[in-house]
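Please look over the sequence and the 3D structure below. A short briefing on selected features follows.

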There are 2 protein chains.
Amino acid sequence: MTAGTRRLPVGERLPTLEDVARVAGVSRATVSRVINGIRNVDPQLHEMVWNAVGQTGYVPNRLARSLVTRRTGTVALVVSDSESHDDDPFMGRFFADPYFGRVVGGLMSVLRAAGIQLALQIVGTEEQRTRLVGDLRHGQADGVIVLSLPGHDPLPRMLTDAGVPAVMIGRPADPVPINYVDLANDTGASLAADHLVGRGCQLVAMISGPADVPASNDRITGFRRSMARHGHAWVPLASGNFTQESGEQAMRALLAEHSQVDGVFVANDLMALGALLALRDAGRRVPEDVAMVGFDDSSAAVAANPALTTVRHPLEDMAAESARLLMARIEDPTMRISSVIYEPTLVLRQSA
Amino acid sequence: MTAGTRRLPVGERLPTLEDVARVAGVSRATVSRVINGIRNVDPQLHEMVWNAVGQTGYVPNRLARSLVTRRTGTVALVVSDSESHDDDPFMGRFFADPYFGRVVGGLMSVLRAAGIQLALQIVGTEEQRTRLVGDLRHGQADGVIVLSLPGHDPLPRMLTDAGVPAVMIGRPADPVPINYVDLANDTGASLAADHLVGRGCQLVAMISGPADVPASNDRITGFRRSMARHGHAWVPLASGNFTQESGEQAMRALLAEHSQVDGVFVANDLMALGALLALRDAGRRVPEDVAMVGFDDSSAAVAANPALTTVRHPLEDMAAESARLLMARIEDPTMRISSVIYEPTLVLRQSA
DNA sequence: CATAACTTGGAGAGCGCTTTCCGAAGTGTT
DNA sequence: AACACTTCGGAAAGCGCTCTCCAAGTTATG
């Protein structure tokens, strides 16, 4: 058995600071100082204490410590969905989407090194939101990373009002003085527009996400603006909800209305996958008949056939940055609100 | 502003039980009883207390409560990777894989309804493991769901030794008296074997995962056994590490050694995607020249072209079940160790 | 040798909550 | 009217830890 698995000398009770103090023959305070590495402790006592710790197998109780220090070493990742119910299948879809995993991976890469744990929270109802904020004010977590799904989410405002250190991934829909890390979605859309026009497409359409999500909205306006600049005043648009099926449907709708489409910008890779299917069914070749540009550069982009030319969304980096921002904010609560905007790039593959 | 966002009457301090008691004109104990819904409280006092709660905007401090009740309302999801380092890129891959998200989604579907939060922990080193177990014994979390990646992981044993309620997703590599939820991986592999042989394949190969992972190993042995039963005593095998690239490489290797392969069973969908690419490059049509069966029925399976015939792995259900099992175990620590094995099914699509 | 200035360890007061123990009412029986 | 028996609310003892005092000891200075 490894050293760490040392069994206790029976007795249900775990050793406490008090026990260590007794064994070492000093006071609780002294043990506490040693454990927390505070200087001003006689080297000799110092060693006796560590011996006692080893003997008893003492491990500090984080809960008790947190109660007094008001620090938990935990950051909450809250997924805020304005009106979902517990049995809403949407959540299942959300977690299955690579988006979620990429965010978690990015966050953990930073938090893990700092020894901070991530607590996952999903809030949908008003009551859950209120409760979350209440817990947060009590220091249930040192800070929170917010992933806000719906259009107009009251949560960001509630958090800032409560003075909870928070960082959003993706900008808030309504202006709220909150830290956030975002992608220049409009620039990304422009990149796609430039590329499609550049390769000679005559009729370019777009498949967008829900219009009330800021990221989605920015992609629409950015794309339209850029297309207009290229002389295409009007862009056929069909919207989906970021799932593959919705992308397939949207593409069908587009094809039905505008049969000569020869280029399409799809607001995320998953929908692009669906659109690819619809195009194949309709007998259109990609990229020969219809060129396609996706968004996200998720694993779906390489998996697709043909592989997707797509706008790279450095989500892991963004998540990591938001974790760093949050940690800084926790360390120094007076830090002024800031935001970091990442620039997307176009990744060329086969679809356009 | 919503009712829940009620601001405090200034003053940094959040209202405590004591404050509520003062306002209501009763003792702390009474307030506690009311809050926790313990009967034996005069209806009149009951109401006064709730009024006071409303007036003060009181929210119980979970930390303080946990300290005394020894219950945290938190379950830890620990991802155990025997020898990764903080900068190991593997973790990034792991989180990006739909596997992780599906597990989280399944867990949350159950935990959320029970008002339990999920804390994510990643442990790689011996020290982290020891520390995790120490924290867990102190009731840092009420229980733990273990996702064990490496072959021989000491963590399950450490957890049972420490008496921490735990449930593994996927059986432990070494025999350990721990609850787990698993898939009948061998049966799944048999299903694939039967199908490939049934459609007339003459030379069937397999692309497997790492041999020291139990799930992966079961798929290999199950497949071999079933093929043997069909008269194919020997099966060409190439192994990957569950990523798309490794699947592509494995397929190339297989093709190089056994050019007449006309059927292949791939141990997960992601590798199947890679294998598909390799086959296309080699000019083989799927399923006409080579039939392929994947494993998992992840979103990659439908996204693939041709869509993958694959063994369905009901991961969400399994995760949900493990959450239920854990909750039961937490409620009743004397519950005997149990395991739940799910039966896979074959999902027919185009690749075989 | 007396005084000031600093170092070091211990006592003890909390952090906010639950819960046992008790005494004071209220109810029913003989 | 006296007794046992139940219901109910309050006092207070913790849960395990941190950290501010304060006293005692040590060294430097006039």
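**Two packed helices in chain B**

In this predicted model, helix H9 (residues 185–198) of chain B packs against helix H10 (residues 214–229) of chain B at an angle of about 40°. Their axes lie 7 Å apart. Angles of 65 to 115 degrees count as roughly perpendicular and those under 35 degrees as roughly parallel, and H9(B) and H10(B) are therefore oblique to each other.

- The crossing of H9(B) and H10(B) is right-handed.
- On the H9(B) side, the residues in the contact include Asn185(B), Asp186(B), Thr187(B) and Gly188(B).
- Ala192(B), Ala193(B) and Asp194(B) are also among the H9(B) residues that meet H10(B).
- On the H10(B) side, Ala215(B), Asp218(B), Arg219(B) and Phe223(B) are among the residues met.
- By class, the contact of H9(B) with H10(B) has 6 nonpolar, 7 polar and 4 charged residues.

**How the two copies are related**

- The same surface serves both copies: 98% of the contact residues of chain A recur in chain B.

**Where chain A touches chain B**

- The contact takes 53 residues from chain A and 53 residues from chain B.
- Several elements of chain A give two or more residues to this side, including H4, helix H5 (90–96), strand S2 (117–123) and helix H7 (126–137).
- Helix H8 (155–162) and helix H13 (299–303) of chain A are also among them.
- H6(A) gives the most to the side of chain A that touches chain B, with 7 residues.
- The residues on this side of chain A divide into 24 nonpolar, 18 polar and 11 charged.

**Around DNA strand C**

- How many residues surround DNA strand C? There are 26.
- The closest are Ser27(A) and Asp42(A) from chain A, with Thr16(B), Leu17(B) and Ala29(B) from chain B.
- Helix H2 (28–35) and helix H4 (62–69) of chain A each give two or more residues to the surface near DNA strand C.
- By class, the surface near DNA strand C has 13 nonpolar, 8 polar and 5 charged residues.

Note on methods: Residues numbered from 1 in each chain as written. Chains lettered and ligands numbered in written order. Predicted model: local features only at pLDDT ≥ 70, side-chain atom pairs only at ≥ 80, totals over all residues. Near = placed C-beta within 6 Å. Helix = DSSP H or I, 4+ residues; strand = E, 2+ residues; numbered from the N terminus. Nonpolar A, V, L, I, M, F, W, Y, C, P; charged D, E, K, R; others polar. Contact = placed C-beta atoms within 7 Å. Axes fitted to C-alpha atoms, helices over the stretch in contact; angles between N-to-C directions. Parallel < 35°, antiparallel > 145°, perpendicular 65-115°, else oblique. Left-handed = near helix turned anticlockwise from the far one by under 90°.
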